[in-house]
Amino acid sequence: MSVFSRLADIVNANLNSILDKAEDPAKMVRLIIQEMEDELVRERSNLARFLAEKKEVLRHVERHQDRVTEWQSKAELALSREREDLARAALLEKSKQQELLNALQREQQVVSESIDKLAEAISALEAKLLDARARQQAMQLRERSAQSRIKVQERVRVSETSSAVDKFERMERKIDELEAKADIYSQASGLEQSFAELEVDDAISRELEKLKAKMYPPTAGADASANKHEKIVADLDKEQ
């Protein structure tokens, strides 16, 4: 049993080592989504800044348009009063304001284009973020399914290993039983041999007594004792 247990420990240790070294897909996806969310926050902040800048530029454009109109009116007024010098000066100021107005209008155009591009980028990023979140949910489902399958396989492997261990233990028990039977037979044979030796010894003793009685007949005084002895021997022969 210790052999199978050790083998299972080695396999599990190697598997855990591989899993520890591998990147966690769920963690990587969470980091990617977090980066996308942070980027979306930054882009929305940029959009808010551009919208505020657009309003500021629009206010400057309107103010300089008013100044252009104002200097145009002053030039006309001066010319109507035959003040050509003042009309010239008013037109010069109008020209300066017009140049500023043109620059502001160009800036306004750039800001508007930047807002449009940024809005498109935000829309695309929002779509990607939605897709990433949907994929994250799908990956979580797949991960849970994979984990469930792994647990099932582990239970099956443990069951199969336990079955093999049980078979191994049954074989050991059978061998133990055979060895015990062999010991019992060995002990029984030794005991029977001892009894057999005793019986042989008794038989030899009886034969020896018969031989003595034949070769050395008892005297008259010893007839009673001899008869008694012969009776004992005869009783022993009957028992055999």
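**Figure 1. Helix H2 of the predicted model, end to end.** H2 is built from 56 residues, and its first and last C-alpha atoms lie 81 Å apart. That span is close to the 82 Å expected at 1.5 Å a residue. The model shown here is predicted. Among the elements of the chain, H2, covering residues 25-80, has the highest mean pLDDT, 89.

**Figure 2. The chain as a whole.** The chain contains four helices and zero strands. Read from the N terminus, its elements follow the order α-α-α-α. Of the 240 residues in the chain, 14% are buried. Take the contacts between residues at least 6 apart in sequence: 83% of these join residues at least 24 apart. The mean pLDDT of the chain is 75, and 65% of its residues reach 70 or more.

Figure 3. Which element has the lowest mean pLDDT? Helix H1, residues 2-21, has that place, with a mean of 48. Over residues 1-8 the pLDDT stays under 50. For residues 1-8 the model has seven contacts beyond four places in sequence. Where pLDDT is low, predicted coordinates should not be read in detail.

**Figure 4. The loop between H2 and H3, at Glu82.** Glu82 is located in the loop that joins these two helices, just after H2. Its phi is positive, at about 60°, although Glu82 is not a glycine. Is Glu82 buried or exposed? Glu82 has a relative accessible area of 72%, and therefore counts as exposed, the cut-off being over 50%.

**Figure 5. Asp85 in helix H3, with Ala75.** Asp85 belongs to helix H3. Its relative accessible area is 47%, so Asp85 is partly exposed. Along the sequence, Asp85 and Ala75 are ten residues apart. In space, their C-alpha atoms are 9.4 Å apart.

Figure 6. Gln97 is part of helix H3, which covers residues 84-215. Why does Gln97 count as buried? Gln97 counts as buried because its relative accessibility is 10%, and the cut-off for buried is under 20%. Its side chain makes a polar contact with the side chain of His64, at 2.6 Å. Beyond neighbours within four places in sequence, the residues in contact with Gln97 are His64, Arg67, Val68 and Trp71. In an α-helix there are 3.6 residues a turn, so residues three or four places apart point the same way.

**Figure 7. Gln65 in helix H2, with Gln98.** Gln65 lies in H2. With a relative accessible area of 33%, Gln65 is partly exposed. Gln65 and Gln98 are 33 residues apart along the chain, yet 7.6 Å separates their C-alpha atoms. Which residues does Gln65 contact, leaving aside its neighbours within four places in sequence? They are Leu101 and Gln105.

**Figure 8. Charged ends over aromatic rings.** Lys74 has its charged end over the ring of Trp71, at 4.4 Å from the ring centre. Trp71 is also one of the residues in contact with Gln97. In another such arrangement, the charged end of Arg49 is placed over the ring of Phe50, with 4.8 Å to the centre. How many aromatic pairs does a search of the whole structure find? The search finds zero.

Notes
Residues are numbered from 1 along each chain as its sequence is written. This is a predicted model: local features need pLDDT of at least 70, side-chain atom pairs count only at pLDDT 80 or more; totals for chains, interfaces and linings use all residues. Side-chain values use heavy atoms; hydrogens and water are left out. Rings of Phe, Tyr and Trp (its six-membered ring) pair if their centres lie within 6.5 Å; planes under 30 degrees apart count as stacked, over 60 as edge-to-face and the rest as tilted. A charge sits over a ring if NZ of Lys or CZ of Arg is within 6 Å of the ring centre and within 35 degrees of the ring normal. pLDDT is the predictor's confidence in each residue, from 0 to 100. Contact means heavy atoms within 4.5 Å. The expected span of a helix is 1.5 Å times one less than its number of residues. Buried means under 20% relative accessible area, exposed over 50%, partly exposed in between (1.4 Å probe, protein chains only). A polar contact is a pair of N or O atoms within 3.5 Å; within protein, one must be able to donate a hydrogen and the other to accept it, and residues adjacent in sequence count only if both atoms are side-chain atoms.
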